[in-house]
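Good morning, and thank you for the time. I shall take you through one structure this morning, element by element, and I ask that you keep the display in view as I speak.

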Amino acid sequence: MAAEISTLMRNVSEEHNRKIIATIQMLQTEINPHMLYNSLESIYSIAKINQQEEIANLVMALSRFFRIALSGGKHLVPFREAFELAKQYVTVQNIRLNYKILFTYDIPENIYDLNVPKFLLQPVIENCIIHGFQNKRGEWHINLSVNEEGDWVVLTVRDNGIGIHDSTLARLNKRVENFNFEDSAMGKGYALRNLNYQIKLKFGEESGIRLNSVYGEYTEVVIRLNLAGRKTTRG
Amino acid sequence: MYKLLIADDEPWLRKRLMLTIDWEKLGISEVYEAEDGARAFALASAHEPDIIITDIEMPELSGIELMKTLNESAMFPQFILISGYNEFEYARSAVRYGAVDYLLKPIEEEDLKKAVSKCVATLEKKKYNQQLLDLFSSSSNLLREKIYIDLLLGKLDFSKVSESHLHELGIVFPTSSAMCIIAHIHPMQHTVSESDVEETLVGFSVSKIVKNQLSAYFGEVLDFWMDEVNVYLVFSDLPAEEFTAAATNALNIAKKQIKELHAVRIAYGIGSVADKLSDLCQSYRKARYNINLCRSQQKDTGISEEHANSFQVVYEEYNLKSLIAAIRKGDAEESASLLTDLIAEFLNQAGGTPTALQIKLLYLNILNSLFKGCLPFLPVSEEVIKICLDYIDQASALHTTDKMHSELQSLICVLIEQYQSFFNSKRHWLIDKIIDYINENYAQALSMSDVAAAFYLNASYFCKLFKEETGVTFTNYLMRVRVDNAKRLLADSSMKLYDVASAVGYTNVQYFSTVFKELEGVTPSQYRASCNSK
């Protein structure tokens, strides 16, 4: 009985999941890319003609973000593209927030060609900006550091935001760890959970995401990728 | 500065590129805009832009089709492709048709500037390479021409330069043998032309016709301007006799064309067939010899082997014409010998005993030809006409060839005398102009090469011409003019000596005094003193 219910639940979940995927695919195909980019070009041009550099910069960053985000089909991309997506995302947000964010990074040269999920960094940085700082005064500092440790690549995104209480942190880590379809409502923390799931899928069970924080000082998201555990299947 | 065309159906994009980019700074002087592919093609055809920025997706003609169509029309501008959407197929086609860059919309200003700069750099490099190429080929052509001229003049020392050295420089017969040909407007025709400009133009046209006709027969023709004549070098694999015959045909056709077009005759001299580079000077000498022969004989063709084969031809076309030419040249000796030959030929034709009527007819015929051939070129006085008429009266009293001979001989002497006195009074047409030029410019530093250049003359030719026509060298003449003017200034004014020197073109007073003393026997100061004491 319990097993039946569980199966039923899984079916419902998978149905739900398929619906989400279908919606995304529809969105990706329905938007005529020429229409989108020509419109963005027009906005950029009008801004340039009227010497509105802020608008021009915002449109340019947004265009570059879309360029990668909407490039259909490819889930695995070279790290440079995943990083570029994150960078353009920061640029867009920075213009919106009047250059409050300082984004720094330290990446070894050989990492750029490593194949990673397209949305490896962007959701993490989005989390920082949306949840990490609240209305914290002063400069918002986000640092990305990438380190190689044997077969492992460790990416750390650390902010100087408000931090997370220990109890909340434990709960969050548990939720990220235990991704399953039953819990997969698109609520809080969905993005990180989904990412953790995808990472495990590509780089094996040992890989994954973990949050560390000292309340009032920082939050960091550590992504550990086991290169030895990579699956050969693509896409 | 380069021309650029922007082709895109997005009006804001075009407006932005037209308004916000400092094209001049990028090296672009003209910018055109087109709203679709067809218009872009029309503008590109009309203005031949160096760089084209084109959208891929356009009405009428896509960016890729535009590139293809232009390439097919032999236009290869630098292309910068722009597109709303990154598609691998587009990029691949773009690269195939030579796109420099592939930019995605919205086009970032800096990216576009970088792409345009890249195009400009490529264009500059192309231009530079072309200039180098031009320079190289023109300098090597000059060298080649110089070497050929030296070869023709026999100035190249074959003990120092081997034929294979010359082959390496591209100086090699493309065929087994070569031949030198000289052709120009017949010397007697020079008096006909009305102006120098006209003469020059006709000269150009003549050499072009000759060259065209020769290349119709022999392919590549090299031509040189040397020793005041056009020299042509033709190449052929034909045996010597056929080679000469082909050259004669080509030149006769050219001669006919020139006569129809300009109503002038040309003279030509055909050289011997040269089998190797070192034989070229012989071919040139032979051509030179033949054309001189043709000039003196008043013939048009310069093949010395050619002989007239009937009395009629000899009498009308050969001896009489060369006799007239000899008279016009003022050559008494040659005209006497030609007259003797002519009469001997006549006697021979007449079987040794001509009738009195035959003698009278020949006499009158020769008189007629000589008057027609010589008198129109002379400012004839009444006295001369009277003398000429006396000779006609003599005809009725002529019975022997000896008498005819002596009468004709004395007439020839009269005519030669007329020609000599006329020509001795006549200077070369340029000399008066040159002397005017010197008189106007003596106060400045004036070298012989300056004056020669002012009249477009070769310096050594100028030197020779000046000496021949004036009897003194250019330098001596200039000194004379300067000293004469200095004398005037010394006598008329109280100008300081160095002012006088500089007023007549001497910057060094010491040198001026030396020249003055040399010509006048006294120093300028002594001369002034002697003037004042008068």
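I begin in chain B, where strand β1, residues 2–7, and strand β2, residues 28–34, pair in the parallel sense over six bridges. Please bear in mind throughout that this is a predicted model. Within that pairing, B:Leu5 has B:Tyr32 of β2(B) as its bridge partner. β1(B) also pairs with β3(B), again in the parallel sense, here over four bridges. On that side, B:Leu5 stands opposite B:Ile52 in β3(B).

Strand β3, residues 51–55 of chain B, pairs with β4(B) in the parallel sense over five bridges, and B:Ile51 is found opposite B:Gln78 of β4(B).

Let me now turn to the helices of chain B. The chain has 22 helices and nine strands. One of the helices is α18(B), residues 459–470, whose twelve residues should span 16 Å at 1.5 Å a residue; the end C-alpha atoms are 16 Å apart, which agrees. Just after α18(B) comes B:Gly471, with a positive phi of about 85 degrees.

Further along are α19(B), residues 474–492, and α21(B), residues 509–520, whose axes come within 10 Å and cross at roughly 95 degrees. How do these two helices, α19(B) and α21(B), lie relative to each other? The range for roughly perpendicular is 65 to 115 degrees, and α19(B) and α21(B) are therefore roughly perpendicular to each other. The residues that meet are B:Met479, B:Arg480, B:Val483 and B:Ala486 from α19(B), and B:Val515, B:Phe516, B:Leu519 and B:Glu520 from α21(B). By class, this contact has six nonpolar and two charged residues, and no polar ones.

For chain B as a whole, 29% of the 534 residues count as buried. Of the contacts in chain B between residues at least 6 apart in sequence, 64% join residues at least 24 apart.

I move now to chain A, which has seven helices and seven strands. Read from the N terminus, the order of elements is α-α-α-β-α-β-β-α-β-β-α-α-β-β. Of its 235 residues, 31% count as buried, and residues 24 or more positions apart account for 67% of the contacts in chain A with a separation of 6 or more.

Five strands of chain A form an open sheet of mixed pairing, in the order β2-β4-β5-β7-β6. Which strands stand at the edges of this sheet? They are β2(A), residues 101–106, and β6(A), residues 208–214; each has a single partner strand, so one side of each is left without a neighbour in the sheet. On average, neighbouring strands of this sheet are turned by 15 degrees against each other, direction ignored.

A:Ser213 has A:Thr219 in β7(A) as its bridge partner. Across β6(A) and β7(A) lies helix α7(A), residues 190–203, running at about 135 degrees to β6(A). A:Gln198 is found in this helix, α7(A). Because A:Gln198 has 18 C-beta neighbours inside 10 Å, that residue counts as partly exposed. Its C-alpha atom is 8.8 Å from that of A:Gly208, ten residues apart along the chain.

Finally, I come to where the two chains meet. There, 16 residues of chain A are in contact with 15 residues of chain B. On the chain A side, the elements giving two or more residues are α2(A), residues 33–49, and α3(A), residues 53–69. Which element gives the most to this side? That is α2(A), with twelve residues. By class, the chain A side divides into eight nonpolar, five polar and three charged residues.

That concludes my presentation, and I thank you for your attention.

Definitions and conventions: Residues are numbered from 1 along each chain as its sequence is written. Chains are lettered from A and ligands numbered from 1 in the order in which they are written. This is a predicted model: local features need pLDDT of at least 70, side-chain atom pairs count only at pLDDT 80 or more; totals for chains, interfaces and linings use all residues. Two residues are in contact if their C-beta atoms, placed from the backbone, lie within 7 Å. Ala, Val, Leu, Ile, Met, Phe, Trp, Tyr, Cys and Pro count as nonpolar, Asp, Glu, Lys and Arg as charged, and the others, Gly among them, as polar. Axes are lines fitted to C-alpha atoms, for helices over the stretch in contact, and angles run from 0 to 180 degrees between N-to-C directions. Angles under 35 degrees count as roughly parallel, over 145 as roughly antiparallel, 65 to 115 as roughly perpendicular and the rest as oblique. A residue is buried if 20 or more other C-beta atoms lie within 10 Å of its own, exposed if 12 or fewer, and partly exposed in between; C-beta atoms are placed from the backbone. Two strands pair if DSSP finds at least two bridges between them. The expected span of a helix is 1.5 Å times one less than its number of residues.
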